[in-house]
Amino acid sequence: MVLISGAGSNLRALLEAADDPRNGMRILAVGADNPCDGLAHAELFGVPTFVVSPQSFASREAWAEMLLENINFFKPDLTVLAGFMRILPSNFVRALTPKLINTHPSLLPLFPGGHAVRDALVAGATETGVTIHIVDEGVDTGPQIAQERVAIHADDSEHDLHERIKVVERALLVDVVKQIGQHKISLSNIARLHQSTNKDAHGSD
Ligand code: GRF
């Protein structure tokens, strides 16, 4: 299951990977929070789509419940946020984590949030990158699965830098999803390890 909000180039990479039977992955459906361009990729590959817009609901929680109902209908092993630009409320996250992952265009914990590429440029960073992580109840704070670095050039615009990041991001996301499917990455182990590391760091009260 893949959720998107925009152009869907990460989704496209996943659809292409799923098209190769050697990769052993199947995209059951694609969901979005708005009727975005990226849904066309799913349609091209014959994958069902659904849109659940927050505007149609009285609360974020009610919106997320409906989103969850749509996802659960397909009984996915994994839900991938691939450029899904909404913060998901706790009821949604608790229902799916750790089988809920996100791709983020920075080296987290640096530059969380919706303007990660711009923020890295404004901060004068010389490198940034991509992080794939399990989604928890914070914003881009969940246990990390994989990261890759991308150099920032002196004359980079936000668009140029984001495009370069996205090339790396697509490959990393496909690789991570493949490895989860092949049980080479265990999301529950990563989540467990993260929990016990945090407990150690904060004492055992
Ligand atoms: C990606 O860089 C994602 O990490 C970010 O938004 C971008 C989405 O790109 N949150 P696309 O829709 O997959 O082309």
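**Entry 1: the ligand**

I looked up Ser9 and found a polar side-chain atom of Ser9 at 2.7 Å from an oxygen atom of the ligand. I used the term polar contact for a pair of N or O atoms within 3.5 Å; within protein, one must be able to donate a hydrogen and the other to accept it, and residues adjacent in sequence count only if both atoms are side-chain atoms. The model is predicted, so I noted that local features need pLDDT of at least 70 and side-chain atom pairs pLDDT 80 or more, while totals for chains, interfaces and linings use all residues. Residues are numbered from 1 along each chain as its sequence is written, and side-chain values use heavy atoms, with hydrogens and water left out.

I then looked at Glu169, where an N or O atom of the side chain is 2.4 Å from an oxygen atom of the ligand. For Thr103, a polar backbone atom lies 3.2 Å from an oxygen atom of the ligand. The residues that surround the ligand (a heavy atom within 4 Å) include Asn10, Met85, His104, His162 and Lys166.

**Entry 2: the two domains**

I took the bounds from the domain assignment, which is automatic or from a database: domain 1 is 1–96 and domain 2 is 105–205. Their C-alpha centres lie 19 Å apart. I recorded that 16 residues of domain 1 are in contact (heavy atoms within 4.5 Å) with 14 residues of domain 2.

The area buried between the domains is about 1,300 Å², and carbon and sulfur atoms give 71% of that area. Buried area is the accessible area (1.4 Å probe) that two parts lose on being put together, summed over both. Asn10, Leu78 and Val93 supply 33% of the area that domain 1 buries against domain 2, more than any other three residues.

Which residue forms a salt bridge with Glu137? I found Arg94, with the closest N and O atoms 3.2 Å apart. The rule for a salt bridge is a side-chain nitrogen of Lys or Arg within 4 Å of a carboxyl oxygen of Asp or Glu. Across the interface of domain 1 and domain 2, the rule finds 1 salt bridge. I also noted 5 residue pairs in polar contact between the domains, both residues at pLDDT 80 or more.

**Entry 3: the backbone**

I looked up two cis peptide bonds. One joins Thr97 and Pro98, with omega about 10°. The other runs from Leu108 to Pro109, with omega near 15°. Finally, Asp140 has a positive phi of about 60° although it is not a glycine.
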